[in-house]
Amino acid sequence: MSQQPFQTEVSQLLQLIIHSLYSQKEIFLRELISNASDALDKLRYTTLTDSKMKSFDFDPKVDITFIEGDKPSLTITDSGIGMSKKDLQENLGTIAKSGTKNFLSKLTGDAKKDSNLIGQFGVGFYSCFMIADKVEVSSKKAGAKEAWKWVSDGKSGFEITKDVKEINGTTITLHLNDEGKEFSSRWKIENLITKYSDHIDFPIFLTFEDVDYDKEGKEKSRQSKTEQINKAKAFWSRSKNELKKKEYIEFYKTLSHGNNEPTDWIHFKAEGNLEFTILFYIPKKASPDLFRADYQSHVKLYVNRVFITDDDKELLPSWLRFLHGIIDSSDLPLNVSREILQQNRVMAKIKSNSVKKVISKLNELAKDKKKYDPFYKEFGRLLKEGVYQDFENKDSLTELLRFKSTLEDGYTSLKDYVSRMQIDQKSIYYITGENENSLRNSPLLEMYAEKGIEVLILDDEIDEIIIPSIPKYDEKDLKSVNRSGAADELDDKNQEKQKDKEKTLKPTIKKIKDFLGEKVKDVKISNRLSGSPSCIVADENDPTAQMQEIMRSMGQMDMPDIKPILEINPDHEIVKKLATMRRGKSFENAALLLFEQAIIQEGGKLKDPSGFVKRLNEVLAKAI
Ligand code: ADP
């Protein structure tokens, strides 16, 4: 039989594959095994659905053999659906798929641009011409009598002749060229299969020569051996109902290469328009690199159970980087590149669906404080990142946040805070700083404590950055008690009294302000103190002391020194006494001490600690 030419598009595609994928030529094996697995899938489906084929007996498997030496070859045989003469002609001589045709029509002849495009679709069978100069495909359709052989050098065209084949399925023989001779090796093949095809759910057997040598290195015996190389089990593709808790935990251990048990997992199969499976595990402990910029992703991408990548941080939003698991979809092309994945609509849908599934699992966990609190302690920071970065899910993530509080032990949610709010309370109050203990004892909280108003204790440095992105919750403003003005609205009834006090203390305040000079932005009468004589706060729009620290640690060294506001308690004895004094050494010592003690209580550092001690001792000496 004479040779038939390839369809023009096939020649184009062959050229393109050979020129743009040579650096990843090993993927040919993945492609051929994936085709074999598809063929087995199809036959399996047919025997299940076609009444004529119901009793068709087949042993689903893939067999690989190879020949070393100066004429190296590699043979891949499957017992799948097989191809008729017409199938061979159409599948391996033309390009029927509109997607691929459409892709090829976009080719510009610019090699660089074109090779970027190739990642958009599965390169498939033709990739074997990267490593072979002659390919034979012998196939017998399941249920048919005759077999056919397709032969090509991948250049001019192909030939189809009659063949003899006992068992249905396809045998592909690759006559390896210089680029491909390395693949006629037991270790190489085993490696590639473990890397890419371990989870193909049909067994893959490799036949090799087992040679035994004597002490002198002479060949003693030679035996042909066949071993199954893959586990042949795509764990996640199994039905949820048939999988036991123990098995999920075991699989997690393989995935995480560890011995810990997970907190929980999400196993979900989407069927219909978009087909994909996700299996995500929520670990108990954060991996040590979780908060480093060069963290490792723990989510693997599979296309139809064929491993694609475990090194793509874009598969999920970065706040979900604590998850371990897999995403598997049959709606993505096998040869999908990272660039393509980022723009791929199917991937975008899988991603957003995955996020929704994880959030709903977290909502479920959140119902059980015993489970959720330890999770939150470990990963709460990432949820805060999510609130900050993931606009689409900001609201549901905000519900998942937990805070320490002046009224509740452990963690509380914003929702619970609101449910405890006082009838006339308009805002949600929080205090920020780095030390929980000093926050709990801060003079800034005195008035809130007196009125029984709950304040959230935010002692994580990231809070300063995150919380401003939640200006309101349930129509209520979130207000920092570290800022001036936060307490004003709580004090409606006392405003008249406050004005009177301001009038009386005006000269004293002026004296203190003149004396402290550059140290403060302002000196004001406080309406939030009861026990303490003074406190410092940030001006409404200035970064707080804590925020300034973070900015400095992030390298913003040249940040201007932002001055605090000193608030004094008009009802405190010291302040009352100061009001009767003239400005002199005693007055100045006392004023400075008021300022310095407020800084210490904020958790701040004094610029002149020995001066502080000296002043304190002078005052003490007089007092005792
Ligand atoms: P794809 O697998 O993406 O469809 P390929 O170029 O790899 O593209 O294969 C083209 C077609 O050839 C397949 O769709 C399938 O119908 C057929 N084919 C390839 N390999 C086999 C095989 N081992 N058994 C049966 N059919 C096959």
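Contact means heavy atoms within 4.5 Å. Axes are lines fitted to C-alpha atoms, for helices over the stretch in contact, and angles run from 0 to 180 degrees between N-to-C directions. Helices (H or I, at least four residues) and strands (E, at least two) are DSSP runs, numbered from the N terminus.

## Basis of the model

This is a predicted model: local features need pLDDT of at least 70, side-chain atom pairs count only at pLDDT 80 or more, and totals for chains, interfaces and linings use all residues. Residues are numbered from 1 along each chain as its sequence is written, and side-chain values use heavy atoms, with hydrogens and water left out.

Three strands form an open sheet in the order E20-E22-E21, with mixed pairing. Strands pair if DSSP finds at least two bridges between them. Strand E20 (522-525) and strand E21 (534-537) are at the edges; each has a single partner strand, so one side of each lacks a neighbour in the sheet. From one strand to the next, the twist averages 25 degrees. E21 pairs with strand E22 (residues 565-568) in the antiparallel sense, over four bridges. Within that pairing, valine 537 has isoleucine 565 in E22 as its bridge partner.

Two helices contact these strands. H16 lies across E20 and E22 and runs at about 155 degrees to E20. H19 packs on the sheet and touches E21 and E22; its direction makes about 60 degrees with that of E21.

## How H16 meets H19

Two packed helices are described by the angle between their axes and the distance between the axes. The axes of helix H16 (residues 495-516) and helix H19 (residues 585-601) come within 10 Å and cross at roughly 80 degrees. That makes H16 roughly perpendicular to H19. Angles under 35 degrees count as roughly parallel, over 145 as roughly antiparallel, 65 to 115 as roughly perpendicular and the rest as oblique.

From H16, the contact uses Thr508, Lys511, Ile512, Phe515 and Leu516. Facing them in H19 are Phe587, Glu588, Ala591, Leu592 and Phe595. By class, the contact has seven nonpolar, one polar and two charged residues. Here Ala, Val, Leu, Ile, Met, Phe, Trp, Tyr, Cys and Pro count as nonpolar, Asp, Glu, Lys and Arg as charged, and the others, Gly among them, as polar.

## E11, covered on both faces

Buried means under 20% relative accessible area, exposed over 50%, partly exposed in between (1.4 Å probe, protein chains only). In strand E11 (residues 276-282), seven of its seven residues are buried. One side carries Phe276, Ile278, Phe280 and Ile282; the other carries Thr277, Leu279 and Tyr281.

E11 has antiparallel partners. Seven bridges join it to strand E10 (residues 264-270), with phenylalanine 268 paired to isoleucine 278. E10 and E11 form a hairpin with five residues between them. Glycine 272 in that turn has a positive phi of about 115 degrees. Six bridges join E11 to strand E14 (residues 324-329). There, phenylalanine 276 stands opposite serine 329.

## E2, covered on one face

In a regular strand the side chains alternate between the two faces of the sheet. Strand E2 (residues 62-67) has Val62, Ile64 and Phe66 on a covered face. Asp63, Thr65 and Ile67 make up its uncovered face.

E2 runs antiparallel to strand E3 (residues 73-78), joined by six bridges. Phenylalanine 66 stands opposite leucine 74 in E3. The two strands form a hairpin with five residues between them, and glycine 69 in the turn has a positive phi of about 105 degrees. E2 also runs parallel to strand E8 (residues 204-213), through three bridges. Isoleucine 64 has leucine 206 in E8 as its bridge partner.

## Single residues

Glutamate 227 is in strand E9 (residues 219-228). Its relative accessible area is 34%, so it is partly exposed. Leaving out residues up to four places away in sequence, glutamate 227 touches Arg186, Glu190, Ile204, Phe205, Leu206 and Phe208.

Most residues other than glycine have a negative phi. Aspartate 474 has a positive phi of about 50 degrees and is partly exposed at 42%. Glutamate 475 has a positive phi near 70 degrees and is exposed at 70%. Aspartate 474 lies in the loop between strand E18 (472-473) and strand E19 (476-480), and glutamate 475 is also in the loop between E18 and E19.
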